[in-house]
Amino acid sequence: MKISENINESGSTVDMLINMGPQHPSTHGVFRLVLQLDGELIVDAEPHIGYLHRGSEKLCETESYSQVVTLFDRLDYVANLNSELAYCMAVEKLLELQIPDRAWYIRTILCELNRISSHMLFYGVYGLDVGAMTPVLYGFRERERIQSLFEQVTGARMMHNYIRIGGVKEDTPPEFNENLHAVVLELEKAIEECDELLTQNEAFLARTKNISCLTIEDAIDFGVTGPILRSTGLVEDVRISEPYGIYDRFDFGIPIGSTGDCWDRYYIRMQEMRESLSIIKQAIKQMEPGEVQAKMRRIVRPPKGECFVRTESPRGDLGVFLVSDGSQNPYRVKVRAPSFANLQAIKHMLEGVYVADAVVILGSLDIVLGEVDR
Amino acid sequence: MEDQANKTTALNAASQKLLGILPSILNQPTLQYRTNIDELTVNLPGDLVHTICKILKTHTDTAFDYLTCLSVVDYEDILEINYHLFSYTKRHKMVLKCELKSTDPTISSISNIWRAANWFEREAHDLFGVLFEDHPSLDRLLLPDDFEGNPGLKSYPLHEYKEW
C-alpha cells in the first residue's frame, strides 16, 4: 500500500484496517482479529470467533452421560483433565454421589499437574509472542515430562478420558509414585530455571510492564476470571472461595498482582505453578490406598433436575450447567468457558494501544480456541 | 422441573442471608423463591428481567457484580433463559430464570448492565434464535453470517450417521 492512499483530500490520515488471522501463528489457533489503525495506534478491534465450532454442546445431547467425557477432553485441549473433572462433578452433583478419597487424590494430583503443563505451554509460547525463542524449548521440555507421566497413568498423552463419573478409570500403575516424585523434583528445579530465564529479562519487562492494565471493575464486569482477574489484585480462586473435592485439605496461596498488566498475568502463572507443586506434594503425603470408583450403576441416569458447578481451570472459572430429564442422555449441557469470557475483554484491552502490543496482549490471555468455540 | 424444587436445601450461609433480604429489596410480591440443590432460584416474567438485574447489580446488599453464565434451555414450546449470578463482595449466588414462548423469543438485553452478557447473548441468539432487544450488535457469533437456522434448538436435526 502506498502512503498516499492513507491520506484523504484534506491531508489528514484515514484509518487503516488490518486483518489478523485466522491463520496467523500468534492467534494460538483459528481466531481472527480485525484491527482498525490510526498510524500505529489501534482505534478499534473486532474479534471474530467460531472457526473451531463443532457443536459440542449439541453433540452432548445425543451421547450417553459416560460418553460425553470424551467431548470435554476436546474443549480445553491443553488442560484436558480439568475439563473432564468439571463435567464429572456436575453429573455427580445431580446423582448425589460420594467419591472415594483415593479417587479425589488422584484427580487432584493429575489436575494440578495439568495446570502446570498448561502454564508451561503458556510460558513457552508467551516467550515466542514477545520475541524470545528460548523459553519455548524449556517450556516444552517440562511439559513433556508431565505428558509422559500422564501417558503411564491414563494411556494417552492428550485425550485421556481418565476421569470418569464416580471416580477415575483405574488405579495408578505401581511405578507411578516413584515417577511422580522424580517429576516433582525436576519441575521444582525447572520452574526456578524458567523464572530466571525470562521473568526479569530487561527486554521482556519492556514489552510487558504497564501494557494493557486492566482495572478490577472492568475485569469483573467483563466476566474475566482466573489469572487475569487475579492480576488486577482481586483475591479470587474457586478452589478456595467455593472449595470443591478435597481442596480444603491443602494449604496453598493465591498469587495476586497489583497493576493488571501483561507482566502480572505472566508472573501469576509462574507463581501458580509453585502453588500447584505444593498441593501435589501435600496430596502425595496424604494419599492412602483404597477404592478409586464409587459404587454405582453401569448406566448413568441422573434424576430429573439441573445443577451448575464451578471449577478453577488453568484459564479461570470453568462452569458446567447440566440439565437432566431423567433419560440416558443429558438434556442440555452448557459450558461456561473461561477463555470465552476472557477473550470478550480483548476489544476493550486493545483500544488505544500500539499495534506492536496486540500480540503481547492476546498472548497474555492464554486462550484455547477449542474452549472458546466449543 | 417443579417436582425437583426444594428437594435438598443446602444453601450456604451467605445465600441464606440473601434469601432473607431479597423479597424486600426486589419488592415484587408475585415472585416465587425456591432452592435448587445449592442455589437460590427465582422465576421472572420477561418484562421484569432488566429492572431486576439492574437492582441486583446496583443495590449494596445484593451487589451481584459477576454474571457467571447466561444459558438457554430449549423445552420445545418454551425457551428458558438462565442467568447465573455471583457476588465477589458478598460471596453469594443465585439463578434467575425466564421462560419465553418459542414462537416469540424476545427479551431485553442486559449487556448494558454486565458487559459480560454481550457475547453470551450473541451466542444465545446465534444458536437458539433468542432476540435481545437493545443489544449493541446482535450478529451471529459462532456460526458464519450466512448460516440458516438455529442449531441449538431441539427441532434442528443432528446429522444422522449411517455406520457402514
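This report describes helix packing, a strand sheet and a chain contact in a predicted model.

Local features in this predicted model need pLDDT of at least 70, side-chain atom pairs count only at pLDDT 80 or more, and totals for chains, interfaces and linings use all residues. Residues are numbered from 1 along each chain as its sequence is written, while chains are lettered from A and ligands numbered from 1 in the order in which they are written.

| Helix pair | Angle | Axes apart |
|---|---|---|
| Helix 4 (residues 101–130) and helix 5 (residues 134–154) of chain A | about 155° | 8 Å |
| Helix 3 (residues 80–95) and helix 4 of chain A | about 135° | 8 Å |

Helix 3 of chain A is therefore oblique to helix 4 of chain A, whereas helix 4 and helix 5 of chain A are roughly antiparallel to each other; angles under 35 degrees count as roughly parallel, over 145 as roughly antiparallel, 65 to 115 as roughly perpendicular and the rest as oblique.

Where helix 4 of chain A meets helix 5 of chain A, the residues in contact (C-beta atoms, placed from the backbone, within 7 Å) include A:Leu110, A:Leu113 and A:Ile116 from helix 4, and A:Ile146, A:Leu149 and A:Val153 from helix 5. The residues of this contact between helix 4 and helix 5 of chain A comprise 15 nonpolar, six polar and two charged, where Ala, Val, Leu, Ile, Met, Phe, Trp, Tyr, Cys and Pro count as nonpolar, Asp, Glu, Lys and Arg as charged, and the others, Gly among them, as polar. In the contact of helix 3 with helix 4 of chain A, A:Asn80, A:Leu81, A:Asn82 and A:Leu85 of helix 3 meet residues of helix 4 that include A:Arg107 and A:Leu110.

Chain A also holds an open sheet of three strands in the order 1-2-3, with antiparallel pairing, two strands being paired if DSSP finds at least two bridges between them. Its edge strands, each pairing on one side only, are strand 1 (16–20) and strand 3 (41–48) of chain A. Strand 2 (residues 32–38) of chain A is joined to strand 3 of chain A by seven bridges, and A:Leu37 stands opposite A:Ile42 in strand 3 of chain A.

Finally, the contact between the chains takes 30 residues from chain A and 26 residues from chain B. The side of chain A that touches chain B divides into ten nonpolar, nine polar and eleven charged residues.

How values were computed: Axes are lines fitted to C-alpha atoms, for helices over the stretch in contact, and angles run from 0 to 180 degrees between N-to-C directions. Helices (H or I, at least four residues) and strands (E, at least two) are DSSP runs, numbered from the N terminus. Two residues are in contact if their C-beta atoms, placed from the backbone, lie within 7 Å.
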